[in-house]
Amino acid sequence: MLLAVVRLPWAGDLGIHAATVQRLRHSLLDPGNPLVDAETPSPYYSPWILVLGLLARLTGLPVFVVLRIGALAGLGLLFTGVWRYVRTLSAHRAAPALALLCLVLLWGPDLLNWSGFLGLNSLALTVAYPSVFALGLSFHFWAWLTTTLRAPTGWARWLGLGALWALILLCHQFTGVVATLGALATVLAARPDRQVLPRLAVALAVGIVLLWLWPYYDFFALFSAGTGLEAIHRSLYSDLLGRFGLALLGVVALALRWRRDHRDPLVLFFALGALLFAAGGLTGHYSWGRAAPAALIPAQLAAALETVSAGRRAYRLGWACVLGAALAVGAWGQAGMLGYVVPRDALPAPVAAKYRPPWVGYHWITPWVGYGQVVMARTVPSRQIPAYGPYTVAPGYPDVFLPDQGGRDAAVQRYFDAGTSSETRRAIARRYGVRWVIGPAADAEPWLRPVTTGPAGQVLYAVRD
């Protein structure tokens with residue numbers, strides 16, 4: 001993973017996080033929309049990204065160097081958080097290491113790369129995302145909450161727990177849901193007495209107030225915003241056995257834990273996560289599928305802990321053999337991740353066949369395109385170009401606070417439609433202040449001047465005045 005941080009393979013959402021750091025390094029107080037030239041808030045302006053933006057502003061370091069620093073911090077926070085939380089569940093010295101292996105390998109033969117999902121390949125691609133930082137905080141949060149419920153503590157600790165809960169939600173909202181379900185399971189399992197309930201209420205109130213006070217976006221507006229996220233997340237409900245099949249071993253371990261203790265925190269955690277995930281699939285709220293880690297994490301941890309549980313030595317040895325075989329299958333499924341840390345031609349052919357090349361990026365346009373200039377580009381380039389400082393006409397991702405996203409998307413689609421006239425294209429470019437266009441040679445217009453050619457035959461055009 002440290003080598004993956006050095007390479008920092010680019011896929012998915014890395015561009016929007018880089019763009020957000022770019023905006024904050026130029027203006028901490030009024031960064032505007034990170035992707036398009038508009039003065040709108042954005043849920044990507046989280047406390048963690050604010051820290052990284054401040055670091056970039058104070059040091060002058062390039063954004064991708066700052067993201068690597070953030071990845072190291074998030075990775076360290078994640079591994080230490082897992083270590084601390086597992087220690088609250090088992091005193092066996094092997095438990096934390098086994099837990100880490102299960103979290104990154106006990107998935108399925110088919111890859112799922114998504115922020116908030118801890119498969120090894122997914123983690124390599126998302127290590128610089130706020131979701132990894134938020135997951136690390138979540139494990140520390142659960143550990144801290146568990147120890148707090150076990151021994152009487154003062155009000156300060158409860159206030160800190162409320163603040164930490166709000167921080168997780170602000171850094172990555174979907175991971176915040178997972179953290180909340182884990183905290184609820186921890187509280188239900190602990191069966192706190194009446195003296196603890198006022199402290200829990202105060203901690204909850206502190207978190208809600210901090211969420212309300214966050215100045216960069218309205219957290220509570222996310223509940224009513226029409227996000228268009230359901231179509232994107234629908235794929236989370238496909239190929240469940242191929243993606244999560246190995247975690248069924250953890251479900252068996254959870255059943256064994258339930259027989260021993262009907263209020264086991266991992267069992268309750270799994271039940272809450274599975275219920276929310278299933279509800280999303282049944283009701284068409286597919287974005288609720290992002291709660292899947294709330295079912296996967298407790299199952300994976302239970303599979304690890306069953307190896308070191310009390311009982312007959314023969315049983316533990318047999319379970320260890322089964323778990324070892326499952327981890328080996330999971331490791332083979334994730335083996336393509338090695339291509340992110342060593343050259344592909346150095347890999348054995350079967351491993352190289354599993355490797356999925358990351359995106360190339362758009363650094364080749366930076367000698368010409370300046371910060372804050374608007375580029376007309378299709379969706380995939382629009383997910384990368386703002387990372388270097390320019391804006392695009394339409395955001396590459398759904399934006400809950402951008403009121404004219406539909407119009408912007410339609411304008412880009414119409415611009416690149418083969419039947420659109422040159423005059424209409426020119427009018428669209430003027431409307432959005434377009435200075436540059438990226439497309440194939442077939443997109444050339446009399447009022448465009450070719451400047452340079454990039455990968456896959458893409459041409460950077462300058463708009464003539």
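**Reading a predicted model: burial, helices and sheet**

Biologist: Why is Arg-257 called buried?

Modeller: In this predicted model, Arg-257 has a relative accessible area of 11%. Buried means under 20%, and Arg-257 is therefore called buried. Its place is in helix H13, residues 248-260.

Biologist: Which residues does Arg-257 touch, not counting residues up to four places away in sequence?

Modeller: Arg-257 touches Asp-264, Leu-266, Val-267, Ala-302, Leu-305 and Glu-306. Contact means that heavy atoms lie within 4.5 Å.

Biologist: What makes Phe-223 exposed?

Modeller: The relative accessible area of Phe-223 is 66%. Exposed means over 50%, so Phe-223 is placed in that class. Phe-223 lies in the loop between H10 and helix H11 (229-233). Together with Leu-204, Ile-208, Val-209, Leu-210, Trp-212, Leu-213 and Phe-220, Phe-223 makes a nonpolar surface patch of about 820 Å².

Biologist: Why does Pro-41 count as partly exposed?

Modeller: Pro-41 has 34% relative accessibility. Buried means under 20% and exposed means over 50%, with partly exposed in between; Pro-41 therefore counts as partly exposed. Pro-41 is found in the loop between helix H2 (14-26) and helix H3 (47-59).

Biologist: How far apart are Pro-41 and Leu-402 in sequence and in space?

Modeller: They are 361 residues apart in sequence, and 8.2 Å apart in space from C-alpha to C-alpha. Leaving aside its neighbours within four places in sequence, Pro-41 is in contact with Tyr-216, Tyr-217 and Phe-401.

Biologist: What makes H2 largely enclosed by the rest of the structure?

Modeller: Of the 13 residues of H2, 12 are buried, so H2 is largely enclosed. Among them are Leu-14, His-17, Val-21, Arg-23 and Arg-25. The buried residues of H2 pack against H3, helix H4 (63-89), H7 and E2.

Biologist: How does the reach of helix H9 stand against the expected value?

Modeller: H9 (residues 173-190) has 18 residues and reaches 26 Å from its first C-alpha to its last, close to the 26 Å expected. The buried residues of H9 pack against helices including H7 (130-150), H8 (155-171) and H10 (197-213). Just after H9, Arg-191 takes a positive phi of about 50°.

Biologist: In what order do the strands of the open sheet stand?

Modeller: The open sheet is formed by 5 strands in the order E2-E1-E3-E5-E4, and the pairing is mixed. Strand E2 (391-392) and strand E4 (448-453) stand at the edges, each with a single partner strand, so one side of each is left without a neighbour in the sheet.

Biologist: Why is strand E3 called largely enclosed?

Modeller: In E3 (residues 434-439), 5 of the 6 residues are buried, so the rest of the structure largely encloses this strand.

Technical notes. Residues numbered from 1 in each chain as written. Predicted model: local features only at pLDDT ≥ 70, side-chain atom pairs only at ≥ 80, totals over all residues. Heavy atoms only, no water. Helix = DSSP H or I, 4+ residues; strand = E, 2+ residues; numbered from the N terminus. Expected span 1.5 Å × (residues − 1). Patch = residues over 30% accessible without salt bridge, like charges linked within 9 Å, V, L, I, M, F, W, Y side chains within 5 Å. Areas by Shrake-Rupley, 256 points an atom, 1.4 Å probe, with all protein chains shown as cover. Salt bridge = Lys/Arg side-chain N within 4 Å of Asp/Glu carboxyl O. Buried < 20%, exposed > 50% of the residue type's maximum accessible area, 1.4 Å probe, protein only. Pairing = 2+ DSSP bridges.
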